[in-house]
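Morning, everyone. I have one structure to walk through, so let me put it on the screen.

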Amino acid sequence: MLQSAAMSSYSNLVSDSTLLQETIELLRDSGGSANASQIVDAVFKVSHIDDELAGLLVGDLIRDDRRFKIIEGTVELQLHDCDTRLLDELDFVVVDVD
(Lines give C-alpha, C1' and ligand atoms only; values in the text may rest on other atoms or scores of the structure.)
Protein backbone atom coordinates (compact mmCIF):
# COMPACT_ATOMS: atom_id res chain seq x y z
CA MET A 1 0.00 0.00 0.00
CA LEU A 2 1.28 3.46 -0.94
CA GLN A 3 1.59 5.91 1.94
CA SER A 4 2.74 9.49 2.13
CA ALA A 5 3.71 11.71 5.01
CA ALA A 6 1.23 14.29 6.21
CA MET A 7 1.81 17.68 4.66
CA SER A 8 2.79 20.44 7.07
CA SER A 9 0.84 23.67 7.22
CA TYR A 10 2.90 26.85 7.27
CA SER A 11 1.42 29.94 8.91
CA ASN A 12 3.45 32.34 6.76
CA LEU A 13 1.77 31.22 3.53
CA VAL A 14 -1.10 33.40 2.35
CA SER A 15 -3.93 31.83 0.40
CA ASP A 16 -4.82 33.40 -2.92
CA SER A 17 -8.26 31.80 -3.20
CA THR A 18 -10.95 33.59 -5.15
CA LEU A 19 -13.14 33.83 -2.04
CA LEU A 20 -10.37 35.58 -0.09
CA GLN A 21 -9.66 37.96 -2.96
CA GLU A 22 -13.36 38.83 -3.18
CA THR A 23 -13.40 39.40 0.60
CA ILE A 24 -10.42 41.77 0.31
CA GLU A 25 -12.16 43.70 -2.50
CA LEU A 26 -15.38 43.93 -0.48
CA LEU A 27 -13.51 45.22 2.57
CA ARG A 28 -11.60 47.76 0.50
CA ASP A 29 -14.84 48.99 -1.08
CA SER A 30 -16.53 49.29 2.32
CA GLY A 31 -13.82 51.29 4.05
CA GLY A 32 -11.79 48.39 5.44
CA SER A 33 -14.42 46.58 7.49
CA ALA A 34 -17.68 44.66 7.18
CA ASN A 35 -19.70 42.29 9.31
CA ALA A 36 -19.70 38.56 8.61
CA SER A 37 -23.26 38.56 7.21
CA GLN A 38 -22.30 41.17 4.60
CA ILE A 39 -19.28 39.09 3.57
CA VAL A 40 -21.30 35.87 3.30
CA ASP A 41 -23.98 37.68 1.27
CA ALA A 42 -21.46 39.19 -1.17
CA VAL A 43 -18.79 36.49 -1.36
CA PHE A 44 -20.68 33.24 -0.78
CA LYS A 45 -23.86 34.58 -2.44
CA VAL A 46 -25.99 33.42 0.51
CA SER A 47 -28.47 35.95 1.84
CA HIS A 48 -30.59 35.96 4.99
CA ILE A 49 -28.09 33.83 6.90
CA ASP A 50 -27.97 33.61 10.69
CA ASP A 51 -25.29 35.92 12.13
CA GLU A 52 -23.69 33.09 14.11
CA LEU A 53 -23.42 30.82 11.07
CA ALA A 54 -22.07 33.71 8.99
CA GLY A 55 -19.42 34.30 11.64
CA LEU A 56 -18.40 30.64 11.55
CA LEU A 57 -18.15 30.61 7.75
CA VAL A 58 -16.11 33.80 7.57
CA GLY A 59 -13.98 32.76 10.54
CA ASP A 60 -13.09 29.53 8.76
CA LEU A 61 -12.36 31.40 5.52
CA ILE A 62 -9.94 33.91 7.05
CA ARG A 63 -8.44 31.70 9.75
CA ASP A 64 -4.67 32.22 10.17
CA ASP A 65 -4.60 34.95 7.50
CA ARG A 66 -2.76 37.96 8.91
CA ARG A 67 -4.50 40.30 6.46
CA PHE A 68 -7.72 40.06 8.48
CA LYS A 69 -8.75 40.66 12.06
CA ILE A 70 -12.14 40.02 13.69
CA ILE A 71 -13.16 42.63 16.24
CA GLU A 72 -16.55 42.29 17.93
CA GLY A 73 -18.15 40.50 14.98
CA THR A 74 -16.65 42.83 12.39
CA VAL A 75 -13.93 41.74 9.97
CA GLU A 76 -11.25 44.35 9.39
CA LEU A 77 -8.63 44.42 6.65
CA GLN A 78 -5.26 44.86 8.34
CA LEU A 79 -3.06 45.56 5.32
CA HIS A 80 -4.90 48.03 3.15
CA ASP A 81 -1.99 48.04 0.70
CA CYS A 82 -1.23 44.30 0.80
CA ASP A 83 -0.87 44.13 -3.00
CA THR A 84 1.28 47.25 -3.36
CA ARG A 85 3.83 47.01 -0.55
CA LEU A 86 7.48 47.72 -1.37
CA LEU A 87 9.81 44.73 -1.43
CA ASP A 88 11.92 46.05 1.45
CA GLU A 89 8.75 46.19 3.61
CA LEU A 90 7.92 42.50 3.09
CA ASP A 91 8.77 39.74 5.55
CA PHE A 92 10.14 37.54 2.78
CA VAL A 93 10.46 37.42 -0.98
CA VAL A 94 10.56 34.35 -3.22
CA VAL A 95 12.26 34.69 -6.60
CA ASP A 96 12.16 31.88 -9.15
CA VAL A 97 15.06 32.13 -11.57
CA ASP A 98 14.75 29.60 -14.30
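Start with helix H2. Its buried residues pack against helix H1 (18–29), strand S1 (33–35), H3 and strand S3 (74–77). Contact here means heavy atoms within 4.5 Å. Helices are DSSP runs of H or I with at least four residues, strands are E runs with at least two, and both are numbered from the N terminus.

Before I go on, the ground rules. This is a predicted model: local features need pLDDT of at least 70, side-chain atom pairs count only at pLDDT 80 or more, and totals for chains, interfaces and linings use all residues. Numbering runs from 1 along each chain as its sequence is written, and side-chain values use heavy atoms, without hydrogens and water.

Which residues of H2 are buried? Ala36, Ile39, Val40 and Val43, in a helix that spans residues 36–44. They sit on the same side of H2, because they cover an arc of only 100 degrees around the axis. That arc is taken from the directions from the helix axis to the C-beta atoms. Buried means under 20% relative accessible area, exposed means over 50%, and partly exposed is in between, with a 1.4 Å probe and protein chains only.

Now the ends of H2. At its start, a side-chain oxygen of Asn35 comes to within 3.1 Å of the backbone nitrogen of Ser37. After H2 comes Lys45, with a positive phi near 60 degrees.

On to the core. The largest nonpolar core holds 16 residues. H1, H2, H3 and S3 each supply at least two residues of this core. Those with the most contacts inside the core are Leu27, Ile39, Val58, Ile62, Phe68 and Val75. By nonpolar core I mean a set of buried Ala, Val, Leu, Ile, Met, Phe, Trp, Tyr and Cys residues joined through side-chain atoms within 4.5 Å. Take Val58.

Step back to the whole chain. There are three helices and three strands, in the order α-β-α-α-β-β from the N terminus. Of the 98 residues, 21% are buried. Among contacts with a separation of 6 or more, 46% join residues 24 or more positions apart.

Next, charges. How many salt bridges does a search of the whole structure find? Two. The criterion is a side-chain nitrogen of Lys or Arg within 4 Å of a carboxyl oxygen of Asp or Glu. One pairs Asp60 with Arg63, at 2.8 Å from N to O. Asp60 is partly exposed at 47% relative accessible area, while Arg63 is exposed at 55%. The other pairs Arg67 with Asp65, at 2.7 Å from N to O. Here both Arg67 and Asp65 are buried.

Last, the loops. Most residues other than glycine have a negative phi. His48 has a positive one, near 55 degrees. His48 lies in the loop between H2 and H3 and is exposed, at 83% relative accessibility. Asp64 also has a positive phi, about 65 degrees, and is not a glycine. Asp64 is in the loop between H3 and strand S2 (68–71). At 63% relative accessibility, Asp64 is exposed.

One more residue, Asp51. Asp51 belongs to helix H3, residues 51–62, and is exposed at 57% relative accessible area.

Technical notes
Polar contact = N/O pair within 3.5 Å; in protein donor to acceptor, adjacent residues only side chain to side chain.
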